[in-house]
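I am opening a notebook on a structure that is new to me. These entries record what I looked up.

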Amino acid sequence: LIHCDYNWQPSNLNDNEYLAGFAQDRIENYRSSFNTLQPYTHYELIIPGRDVRPMLSGNYLLKVYTEDAPDKPVITRRLMIVQNRATIEATVQRATIVNDMNSRQEIDFSVFHKGLSLANPFEDIKVVLMQNGRWDNAITGLKPLFLKEEELDYSYDEENTFSAGNEYRTFDLRTLRIYTQFVKDIIKAESGYTVVVAPGISRSFDRYVTENDINGKFLIRNQDGRDDKLESEYVNVKFALKHEILTNGNFYVFGALSDWKLNASNKMVYNEDEGTYEALLYLKQGYYDYQYVFLQDGKRIADESIVEGSHFETENKYTILVYFRSVGGRYDQLVGFKK
């Protein structure tokens with residue numbers, strides 16, 4: 001468990017300064033699957049635990065590795081511990097800039113810092129804005145626009161806006177016995193299951209329609225067994241998007257199911273015979289949200305509007321994080337949190 005600064009670089013702290021107990025531990029809680037074609041082992045870890053207990057607020061990077069390869073983690077996860085010392089008031093609204101009013105959302109907020117000794121509010125406080133728990137498009141580096149008595153005002157017009165996107169597409173894998181919502185086919189073989197998701201089409205020119213989603217997340221569920229963790233199958237899920245071929249970038253299946261990342265595992269390949277972009281993801285049974293996004297060559301953040309559209313009415317969940325480093329301090333404290 002590694003303590004990090006607000007920008008997720010390791011802090012200048014020793015293990016014993018931010019951890020009580022040991023700096024590393026074994027994951028001893030694990031069980032084998034049963035009633036599944038794909039055998040697997042399910043591991044569980046609770047933080048803080050008996051032997052590893054964080055003592056400071058801030059960002060922590062959890063690194064899981066096999067005993068013989070500590071420099072090659074098999075899993076990394078970001079987690080945060082907050083000590084509420086600042087109050088945040090915020091609103092989400094349609095973008096103020098006229099050209100962005102129909103497609104972007106603006107987050108105006110104030111940080112009330114009573115009890116924090118700020119020598120330089122422009123440097124001592126760092127804020128992070130997140131959309132639906134994503135780090136890939138998080139907004140950082142904002143400075144207070146106005147300084148008031150014990151209040152920092154961040155009511156920008158442009159720098160604090162996000163592409164509103166659209167409600168996420170969904171598919172339901174909670175049972176493999178019947179065709180559920182947006183599942184076109186279920187193929188069973190000795191080696192396992194393949195599920196074909198109904199082909200997607202562009203929604204970029206459609207009007208906004210209110211739909212229930214879980215903001216890009218997923219839930220592991222199995223309606224045919226008693227234990228979601230041990231009786232849920234791992235299945236190959238085939239995606240297809242009907243779209244003309246684009247040569248200046250690539251399409252991806254995107255969401256928590258891809259860990260909000262864009263890499264070879266969720267990249268789509270064009271099928272000339274079918275006129276579709278296709279991808280195959282290996283997923284555990286459950287209920288999933290996702291979108292089709294396009295990453296232009298040379299860009300870092302994907303564009304969902306090309307296929308999904310972007311509407312100011314879209315329901316998104318925003319998170320505001322406030323970090324504080326005192327004069328002479330050696331680490332960033334997480335002193336404010338608001339959804």
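Predicted model: local features only at pLDDT ≥ 70, side-chain atom pairs only at ≥ 80, totals over all residues.

**Entry: a cis bond.** I looked up the peptide bond from Ile47 to Pro48. It is cis, with omega near 0°. Pro48 sits in the loop between strand 4 and strand 5 (52–54). For context, most peptide bonds are trans.

**Entry: positive phi.** Most residues other than glycine have a negative phi. I found Trp8 with a positive phi of about 65°, although it is not a glycine. Trp8 lies in the loop between strand 1 and helix 1 (15–18). Is Trp8 buried or exposed? Its relative accessibility is 12%, so Trp8 counts as buried.

Asp259 also went into this entry. Its phi is near 60°, a positive value in a residue other than glycine. I place Asp259 in the loop between strand 20 (249–254) and strand 21 (269–271). Asp259 counts as partly exposed because its relative accessibility is 31%.

Entry: I turned to strand 6 (residues 58–64). Five of its seven residues are buried, so I call the strand mostly covered, buried being under 20% relative accessible area. Which strands pair with it? Asn59 has Met80 of strand 7 as its bridge partner.

Entry: Leu129 stands opposite Ile139 of strand 11.

Entry: Asp124 belongs to helix 2 (residues 121–124). I found Asp124 buried, yet without a salt bridge. The nearest side chain of opposite charge is that of Lys126, 6.9 Å away. What does the side chain of Asp124 reach? It reaches the backbone nitrogen of Ala119, at 2.8 Å.

**Entry: aromatic rings.** A pair of aromatic rings is described by the distance of the centres and the angle of the planes. How many aromatic pairs are there in the whole structure? My search gives 19. One of them is Tyr30 with Tyr43, a tilted pair: 5.7 Å centre to centre, with 40° between the planes. This pair links distant parts of the chain, as Tyr30 is in strand 3 (residues 29–32) and Tyr43 in strand 4 (residues 41–44), 13 residues apart. I also noted one aromatic cluster formed by Phe171, Phe218, Phe239, Tyr288, Tyr290 and Tyr292.

**Entry: charges over rings.** Two arginines went into my last entry. The charged end of Arg78 sits over the ring of Trp135, 4.9 Å from its centre. Arg94 lies over the face of Phe312, at 3.8 Å from the ring centre.

Key. Residues numbered from 1 in each chain as written. Heavy atoms only, no water. Phe/Tyr/Trp six-rings, centres within 6.5 Å; stacked < 30°, edge-to-face > 60°. Helix = DSSP H or I, 4+ residues; strand = E, 2+ residues; numbered from the N terminus. Lys NZ or Arg CZ within 6 Å of the ring centre and 35° of its normal. Buried < 20%, exposed > 50% of the residue type's maximum accessible area, 1.4 Å probe, protein only. Pairing = 2+ DSSP bridges. Lys, Arg positive; Asp, Glu negative; His and termini not counted. Salt bridge = Lys/Arg side-chain N within 4 Å of Asp/Glu carboxyl O. Polar contact = N/O pair within 3.5 Å; in protein donor to acceptor, adjacent residues only side chain to side chain.
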